[in-house]
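Okay everyone, thanks for coming.

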Amino acid sequence: MEIPYTVEAHPETGLNNGKIGIWLFLTSEVMLFGALFATFIMLRIGSDGNWAAMQAEAELNIPLATLNTAVLIASSLTMVMAWASLMRGQLGRFKLFGWLTVACGGIFLVIKYFEYTAKFEHHHYPESSTFLAIYFAMTGLHALHVIGGMAWNAYFTGPGSKLFHTNRQWLTDRVEHSGLFWHFVDLVWIFLFPVFYLL
Amino acid sequence: MSEHVDIDKQVRIYVTVFVSLFVLTIVTVAVSYLDVSVPVALTIGLFIATVKGSLVACFFMHLIDEKKIVYWTLALTVAFFIALMALPLLTSVADQVGEFAEVEAHEPH
């Protein structure tokens, strides 16, 4: 049985199934992170002026986090370049930019690993303070999303790219959808970075 | 995104957005070292983050050229998101009003 509207647009929505599906998924993700941001606001307001002290005690590494921000921004560029390469019919360039995106995700996680281990060496754990509890919860959930996005992109850049030879448009659409998820992960970090490290 | 796009033009926009995001990241870090009050720092920091987020959403996520159904879906999400953010703030205001009323009640007239 052939599933309709995988490539062509549905007459009701003007979008194919994948596109409407990924946007609905992203709206649920907005509410997931939104709930945690609301928790963050509540904890900060309820800290009775102790927030700055807890933040200072946590000794977050601003240069490393700035580097991680730059890495994720670069990965967003390589992601759209991968999609643009498919639009141009350039499979080789698509694979290059696709793997660069996955590599940027890997670099982000390695830097995060160094950040986390530095915290643990100083006996800074989620139970150490309210600030660290929400810091580990939100950055940890974000890191899980980075891992998910890397797996998704690695599949389409690797074995999934065979679709290029049989249905190029379908592959292009799928990469656009995985890109939407990847940019969302970047967008979340754009807010996590100043909220935890700078403000 | 609409089916007929000028990819070369798109790529130039992507690179411009990337450079803008990079510069704004440096600005965000620089601003955090300014000697200003917490509310001012929060306002500036979140404003820059919102500008960066809008750039990602509009250009990298192609929201600047999307179908109406996506806009309507996101508008509904934004409404719920704002409600979610307002809840803790309203709770805080309610607490302060409660404390004020308690002090008033115990003060001798």
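**Holes in the model**

So, the second largest cavity has a volume of about 40 Å³. This is a predicted model, where local features need pLDDT of at least 70 and side-chain atom pairs count only at pLDDT 80 or more, while totals for chains, interfaces and linings use all residues. Residues are numbered from 1 along each chain as written, chains are lettered from A and ligands numbered from 1 in the order written, and side-chain values use heavy atoms, with hydrogens and water left out.

By cavity I mean a set of points, on a 1 Å grid over the protein atoms alone, where a 1.4 Å probe fits but cannot get out; lining residues have an atom within 4 Å of a point. Points are joined across faces, edges and corners, and the volume is the space filled by probe spheres set on them.

Who lines that second largest one? Among them are A:Phe94, A:Thr101, A:Asn153 and A:Ser178. Helices H4 (91-121), H5 (130-157) and H7 of chain A each supply at least two lining residues; helices here are DSSP runs (H or I, at least four residues), numbered from the N terminus. The lining splits into four nonpolar, five polar and no charged residues, with Gly counted as polar.

Now, the largest cavity holds about 60 Å³ of space. Its lining includes A:Trp83 and A:His183, plus B:Phe60, B:Met61 and B:His62 from chain B. H7(A) gives the largest share, five residues. By class, that's seven nonpolar, three polar and one charged.

Key. On a 1 Å grid over the protein atoms alone, a cavity is a set of points where a 1.4 Å probe fits but cannot get out, and a pocket is an open set with protein on both sides within 12 Å along at least five of seven lines; lining residues have an atom within 4 Å of a point.
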